[in-house]
Amino acid sequence: MRSFRTISLLLLACLWTIVIPGAHAQTSQTQEVDSLTVFIGTGGVMWEYVNEEDTPNLFALSGESSIGNLSVRGTYPAACPADGWLTLGAGERAGDAVADSGRCRILEEPVDGRVPHWDEYVAATESSSYQPILGQLADLTNERSTLAVGPGAALALADENGHVTSYGTLDELPELLDDQELVLIDLGAITEKEQVVFEDTDPRATNDPGTAAFIAPDWDEDRIRSELGELDAELGRVLEIVEEEMPGARIIVASISDYSATATTLQVIMERTGEPGLLTSSTTRRAGLVNNTDLLPTLADGHEGPGMAIQASMGGTAEDNRDAVTEFDTLSQAIKPATGWVFAMWGTFWILTLLATLLLRRRRAVHGAALAVASVPASAVLVNFLPWHESAQSTVVLCVGIALLSTVIGTLALVTGKHGRTIPAAVIATVTLVVYLWPVLVGSPLALNSAFGALPAVGRFYGMNNMMFAIVAAAGLVLAGVIAERVRPRNRAALIIAILGVIIIFIDGSPWHGTDFGGPPILTVAFLFLALLVSGRKLTWLSALGMLLAGVLVAASFLLVDYLRPLEERTHLGDFAQSLLDGTAFDVVWRKAGAMFAQWPLMLVLAVGFLVFLYVWKKKGPALPSLGGYRLWLWVSISIAISLVGGMLLNDSGAIIVLVGGMVAIPLIASVLYFAGHPSSASTTQARELTDPF
């Protein structure tokens, strides 16, 4: 009992340390948005191709600038030049609704002061769930002297009717810069497929192609370097003109569209600050990373939208900063095609282990395999301590690394079984919780950069994503089950379970850490359900209603706390609270619901698989684990089902939450009830104490 008293004290200490989050110091430099500003936009420029030989002007500018990666993901898998400029002008994800076999539309010069195809762009935004406000940049800068140079810049500076007040071409640039306060220059973009002029085409797909999760882009690098060289020479000419005509102006250079025709990538952005540094924003909370929706608030005050002004954190050498953003870009490009193979490997091992369980019964090796399979998500985080993405065969190295780490963790956990039948599952669950919650607690992107994290190019930059929630929920509730079985009396076990739940919920949902909206209310219900039953109390309609209300209160509390914080510190939780107040929350809910129901084939497969499992379970009898004879783990399973199914309904990842969480929980529960044999005499006595709560 002394050991569990120690566990209780440790949990309380951990809770105390996270309830009062520490302030993180950051030295930033923010320029006034109404200063003389020149924004030079391009497309298809990635850090791995920026060097002194091929792009001397970009390289030289980066040496006296704060630099970063720019996430340009819009409403479509790959951002065309039109998407980038429209997003800049709207302050929200926007885009051209049509493309031609992956080719983007050539942007055309304004005719009689109006942007061609403007009505098509408006129609595209009206059908978008993001509801961007075209013409917002023009509206916010209507009292400033502004100039659009090039067709893309005209898109960004056009008003709501598509009209541009001041426009010129690159050839006219020297004569146009007099007395200008904000200048947008379209330098042109490079794309994988040649841009074309087209009218009637098929609508663009809104989801990534299936191959994107398995196949890395295969680009003609010689062509990229050649076109970048031409683009860089043009940039050098423009910079000379700007420095001569507008000395001391704030200069921002950004690649605001993708080179790839199929999948989004991170792009180059830099701001001349006179000394090296890294760019960041409250939107991303990550040094060296900003989002495309941050561009408008960087150029104008009073915007509507999710972005925040870009800040420059000074420090480091130019070489170190370039290495940092290039490595981040390399990791982002490597993880996307590798993720599909990681899931394929995990699914294959999981199915093979299940078949071995049915055929080989209680073989010790199968038990170890089940533990190894359950530890795959934890291994996917731990492998990020190694520079696997720098390998020429990064996908192979990642998969092999995860497989080896999982084998080691599973084997070590299996050895601990001599200390108790529940210990191996508790070890895997604890390791999983630590490797997913600790990075979130300290603000590290280690877990987010894993195959079960969130690609920064897509838009989740910090905190807990949906798969991380599913993994943590499954591991946390399994650990709670172990606590319930081993700790006596039951009230003490229920208290420790409640404390564990509070810690997980706080890290998952607080604005300082996980910023997850859908997870905390569901986890609240699941942990309260389990703690209530473990304590020996009956489940009534009144107590069930109380759990639901507690979940709502937890979610509302996180929303309110974040909403009351200063605007520059808010997360999407505070933004959602604002949308509830101004009546636009339905757009967010509808977008997430659409993403969830788009996975109906996977939901159908999971439902059929579950029915088949129940049928086989009934036919096989004792050949499969039985929960009915051990009531506690039936309760644990119900709690996990509550968290995963509830998470599926409240989050846009849909059935993926059930799939990932189930693949963690099932092997761990099987470890306790099936592979390790029958409960010990002490556990059996404890089990008899657990009465039917229904």
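Predicted model: local features only at pLDDT ≥ 70, side-chain atom pairs only at ≥ 80, totals over all residues.
**Entry 1**

I looked up Trp512 and found it partly exposed, with a relative accessible area of 36%. For my own reference, buried means under 20% relative accessible area, exposed means over 50%, and partly exposed lies in between (1.4 Å probe, protein chains only). Residues are numbered from 1 along each chain as its sequence is written, and side-chain values use heavy atoms, with hydrogens and water left out.

Next I turned to aromatic pairs. A pair of aromatic rings is described by the distance of the centres and the angle of the planes. Rings of Phe, Tyr and Trp (its six-membered ring) pair if their centres lie within 6.5 Å; planes under 30 degrees apart count as stacked, over 60 as edge-to-face and the rest as tilted. By this rule I get a count of eight aromatic pairs. One of them joins Trp118 and Tyr121, edge-to-face, with 6.5 Å centre to centre and 80° between the planes. Phe506 and Trp512 make a stacked pair, at 6.3 Å centre to centre and 20° between the planes. Is Phe506 buried or exposed? Phe506 is buried, because its relative accessible area is 13%.

Helices (H or I, at least four residues) and strands (E, at least two) are DSSP runs, numbered from the N terminus. Both Trp118 and Tyr121 are buried. I also noted one aromatic cluster made of Phe343, Trp346 and Phe452.

Then I checked charges over rings, which count if NZ of Lys or CZ of Arg is within 6 Å of the ring centre and within 35 degrees of the ring normal. Arg285 lies over the face of Tyr462, 4.4 Å from the ring centre. Arg322 has its charged end over the ring of Phe59, at 4.0 Å from the centre.

**Entry 1: helix H3**

How many residues of helix H3 are buried? I found that 10 of its 10 residues are buried, and the helix spans residues 81-90. Among them are Pro81, Trp85 and Leu88. I then asked what they pack against, taking contact as heavy atoms within 4.5 Å. The buried residues of H3 pack against strands S1 (37-43) and S5 (182-189), and against helices H4 (118-126), H5 (136-140), H6 (151-157) and H9 (295-299). After H3 comes Gly91, which has a positive phi near 75°.

A salt bridge is a side-chain nitrogen of Lys or Arg within 4 Å of a carboxyl oxygen of Asp or Glu. By this rule I get 13 salt bridges. In one of them, the side chains of Glu194 and Arg223 meet at 3.2 Å, N to O. Glu194 lies in the loop between S5 and helix H8 (221-245) and Arg223 in helix H8, so the pair ties together parts that are 29 residues apart in sequence.

Arg223 also meets Glu227 in a salt bridge, at 3.2 Å, N to O. Arg223 and Glu227 both lie in helix H8, four residues apart, about one turn of the helix.

I then looked at Arg225 and Glu221, whose salt bridge is 3.7 Å, N to O. Arg225 and Glu221 are separated by about one helical turn, because they are four residues apart in helix H8. Arg225 counts as partly exposed at 28% relative accessibility, and Glu221 counts as partly exposed at 37%. Asp54, Glu221 and Arg225 are linked in a network of salt bridges.

**Entry 2: two single residues**

Where does Thr422 lie? I found Thr422 in the loop between helix H13 (394-415) and helix H14 (423-442). Thr422 is buried, because its relative accessible area is 0%. Not counting residues up to four places away in sequence, Thr422 touches Val482, Glu485, Arg486 and Val672.

Ala550 lies in helix H18 (residues 541-563) and counts as partly exposed, at 22% relative accessibility. Ala550 touches Thr524 and Leu528, again not counting residues up to four places away in sequence. Ala550 and Ile522 are 28 residues apart in sequence and 9.8 Å apart in space, C-alpha to C-alpha.
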